[in-house]
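Biologist: Could you walk me through reading the charged pairs and the core here? I would like the general idea before each case.

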Amino acid sequence: MRAQSRAVAVLGPTNTGKTHYAIERMLAHRTGVIGLPLRLLAREVYDRIRVLRGPDCVALVTGEERIVPDRTQYWVCTVEAMPLEIGADFVAIDEIQLCNDPDRGHVFTDRLLSARGLHETLFMGSDTMRPAIAALVPGVQFQRRERMSQLSYTGSKKLSRMPARAAIVGFSVENVYAIAELIRRQKGGCAVVMGALSPRTRNAQVELYQNGDVDYLVATDAIGMGLNLDIKHVAFSATRKFDGRRMRPLGPDELAQIAGRAGRYQNDGSFGVTGEASPLPDEVVEAIENHTFQPVRKLQWRNSKLEFGTPERLVASLELQTHNDWLSRARDADDLVALKTLLALPETRDRLRDVRDLRLLWDICRVPDFRSISAAEHAGLLGRVFDFLQGQGRIDPDWLARNIQRIDRTDGDIDALSKRLAYIRTWTYIAQRKGWVDDEKHWREATRAVEDRLSDALHARLTQRFVDRRTSVLLRRLKQKESLVAEVNDKGEVTVEGELIGRLEGFRFRQDKTASADEAKTLRQASLAALTPLFHLRADKFYNAADTEFDFTEQGGLMWGDSAIGKLVKGDDPLRPQVHAFVDDEAGPDVADNVSRRLQHFIDRKIAALFEPLLNMSRDETLSGMARGVAFQMVEAMGVIAREQIATDIKALDQEARGMLRKHGVRFGQYTIFLPLLLKPAPTRLRLVLRSLADGLDEFPESPPPGLVTIPYIREVPAAHYLMAGYRPAGARAIRIDMLERLADLLRATDSRVGFEATPDMLSITGTTLEQFADLMEGLGYKAEKATRAKAKPEAPLVADLAVSADETDTVAAEPSEADSPAPEAPAEEALEVFFTFTWAPRPRRDVRPERKPQEARSTDARPQEGRRSGKPKGGKPNAGKPNGGKGKDRKPEQTRDFTANPPRKPERIDPDNPFAAALKGLKLKG
């Protein structure tokens with residue numbers, strides 16, 4: 001049957017369909033074996049055949065993976081793992097030019113010389129192998145396959161100008177990571193493919209590239225080994241690499257193998273250099289473009305007919321030289337180095353009792369050094385495995401479990417995960433060896449599960465570090481000129497194609513600040529394209545929103561929900577402020593006009609609603625004369641004005657004019673003229689904002705919390721601010737003006753000449769303690785004299801005594817009875833209470849001119865208005881508190897204190913402005 005076997009060499013450049021042809025030929029036979037150069041490529045071919053023929057008839061055998069169904073017909077393997085003893089009808093070896101590889105070439109050469117199918121043998125690779133194959137394989141037939149697309153050289157390109165669907169090739173892990181980081185910053189990200197990756201990680205990374213999540217691939221020369229990817233351009237970041245022994249330049253055929261990944265099927269491709277790589281020489285470019293290379297003259301070879309009689313004979317057979325002109329003895333591989341290291345150990349020599357032990361030792365030495373730490377450490381691990389297998393026949397499961405458990409961790413960075421993956425590959429390889437462990441299925445599944453977890457974690461770290469999905473997706477959509485659709489969630493977060501690009505605050509876009517400078521440019525470009533229709537939809541929704549969705553802040557901002565939409569600016573009329581809308585220029589003038597118009601409508605209606613009494617008064621054409629003048633001043637003051645500012649005008653009002661103003665809600669208080677409805681919290685907030693705008697303040701005063709009768713008086717804050725807030729400073733606190741007028745009504749009923757004490761009503765109205773009330777009264781122009789007295793006994797309370805105890809915890813001591821006190825005792829100390837006596841004693845006003853009449857002085861004085869034309873407080877002497885009593889400079893001081901000669905006072909006229917006028921009148925009639 002061997003005589004009937006046909007050997008065919010299918011040679012040619014990349015992208016000629018050689019691997020595809022080999023799969024077709026293998027499936028045309030009943031059984032077949034195909035050897036591939038990489039575990040990654042083996043997995044790819046295995047998946048293709050599974051789809052074509054089902055999983056039950058195809059096996060995957062690599063150093064770390066072994067999937068062998070019971071009815072296997074087709075074997076997909078790495079070249080090292082090919083089962084040559086099964087006698088398959090078809091045998092194929094891909095990338096046969098690797099016979100020239102310094103490290104693995106002897107394995108490929110051995111397959112070239114000895115691996116044959118019963119009916120057909122296929123060698124696929126570069127045309128440089130034609131002379132060697134013709135010399136070493138008798139009767140071989142050659143098929144020349146031409147490339148299906150053109151490959152052209154484009155010179156040097158910067159990474160920033162790298163075209164999409166490009167692969168950038170580096171020859172070290174450090175170089176690959178550095179390039180990938182630059183690509184992420186400038187292009188949004190890239191996929192990373194290296195030979196050391198597990199198939200699971202590699203497939204996940206390739207999927208990122210193939211499905212368009214990223215447009216760039218950064219890889220080692222592993223992509224040159226048959227990986228079929230959608231690559232249009234290949235760029236070399238270097239043209240030299242470390243081959244395990246030294247740095248050397250890549251040959252034209254090696255460069256062509258990698259460059260040939262560009263332009264798959266009938267799509268043309270290109271190649272070039274980037275970064276610090278020098279431009280390729282013209283002769284190299286011509287050779288790559290025309291696929292003309294120097295033929296391979298020497299193949300790496302190692303004797304495969306080993307002698308296991310003694311350790312020395314085994315080593316000698318491995319070091320045997322060849323006399324074939326086409327073959328060259330390969331340098332010592334890792335397995336031979338490990339064998340020599342272990343044979344040099346006496347404890348190992350002592351355990352070699354027969355040929356079986358030596359064969360076992362050689363099999364163990366063939367475990368690859370995936371960890372690449374050092375030859376000595378790798379040999380130490382192999383020696384430990386040999387001890388178990390030679391002594392116990394199986395590897396100790398506890399020892400194996402501990403080693404696997406140490407690796408089974410998914411924390412750490414890319415380097416840590418890559419290192420663990422290399423470690424687990426060693427244990428996966430060991431678990432795949434038949435007869436080395438108990439419960440082979442368990443350990444194969446266990447090591448595979450750990451590898452999968454580490455692979456997924458490594459893929460996640462690679463993606464996290466080297467892929468900015470947001471920038472990548474947006475760039476792809478922009479280049480494809482597809483319409484971008486922006487979405488905004490309840491938090492204002494804007495997403496385009498599912499990627500967060502920033503926040504929309506009203507009609508201003510706030511770009512995501514986590515983006516780098518390069519990413520920010522892309523985000524801005526994408527946001528402009530995606531937000532334009534969104535701005536118009538949002539403007540329509542805004543224009544049709546109810547006024548309840550809007551509000552203004554105490555600093556003049558205009559809000560739509562939680563978003564700042566604009567701000568108030570000073571207008572020609574304090575009650576007619578203008579609006580400045582916060583709208584990005586990119587939204588367009590139509591959106592800006594609609595937003596401004598809607599905000600203006602809102603604030604106009606808000607002022608009309610909250611200041612309705614004031615605006616009605618300003619439009620009342622029945623007001624004339626002095627009443628109209630007072631109304632005009634009230635409008636200018638926004639409903640709150642100190643009486644002393646318009647005392648003359650108020651005095652000039654007749655009762656009819658006052659009545660007309662009262663119809664509009666004007667209250668004529670002793671201290672303030674105001675509209676009570678405008679003292680509510682909402683109008684107060686608005687008044688402070690409007691007044692601050694009119695006065696051109698940089699920082700607006702805030703309105704006090706609702707419901708407070710008094711607030712602290714901060715002297716650095718102008719008194720006018722307190723008045724606009726509805727308060728009047730008095731001492732260390734400011735009192736709300738409506739409550740101050742109620743207090744003034746109570747003070748009218750007191751005798752400020754002889755003095756009076758605070759009543760519970762006074763304290764209740766002001767919401768203060770006795771000490772605070774005394775300070776407030778002093779701020780209003782009264783003198784507060786503090787004193788103490790014995791606290792009244794509970795059984796005989798004094799109705800008129802309204803003082804507040806200085807120490808409420810003190811109790812009045814009870815007098816002891818005779819029965820309880822057989823002997824006389826010292827009298828108990830009486831409890832004391834503090835009280836204040838208040839008398840009218842205003843300070844002289846600096847702005848009062850001496851020549852003014854007493855009536856005028858009274859009208860502008862800060863003391864309470866008693867409602868009498870004489871201008872004195874109730875119960876006091878006329879013009880009390882004025883210098884010299886107001887009667888002349890020659891009046892003697894002691895005469896001012898003689899009140900016995902005064903004639904009886906006339907009945908007082910009830911002040912019509914007092915809200916308690918009716919009650920007071922009833923009290924007078926009752927008296």
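Biologist: How many salt bridges does a search of the whole structure find?

Modeller: Side chains of opposite charge can pair when their charged atoms come close. Here the search gives 54 salt bridges, each a side-chain nitrogen of Lys or Arg within 4 Å of a carboxyl oxygen of Asp or Glu. This is a predicted model, where local features need pLDDT of at least 70, side-chain atom pairs count only at pLDDT 80 or more, and totals for chains, interfaces and linings use all residues. Residues are numbered from 1 along each chain as its sequence is written, and side-chain values use heavy atoms, leaving out hydrogens and water.

Biologist: Which residue does Arg-39 meet in a salt bridge?

Modeller: Glu-65, at 3.7 Å from N to O. Both Arg-39 and Glu-65 are buried (under 20% relative accessible area; exposed is over 50%, partly exposed in between, with a 1.4 Å probe and protein chains only). Arg-39 and Glu-65 also belong to a network of salt bridges whose members include Arg-43, Asp-47 and Arg-448.

Biologist: Are Glu-771 and Lys-786 joined through side chains or backbone, and how far apart?

Modeller: Their side chains form a salt bridge, 3.4 Å from N to O. Glu-771 is partly exposed at 45% relative accessibility, while Lys-786 is exposed at 53%.

Biologist: And which residues touch the most other members of the largest nonpolar core?

Modeller: In soluble globular proteins, nonpolar side chains tend to be buried together. This core has 63 residues, being buried Ala, Val, Leu, Ile, Met, Phe, Trp, Tyr and Cys joined through side-chain atoms within 4.5 Å. Ile-168, Leu-339, Ile-395, Trp-427 and Trp-436 touch the most other members.
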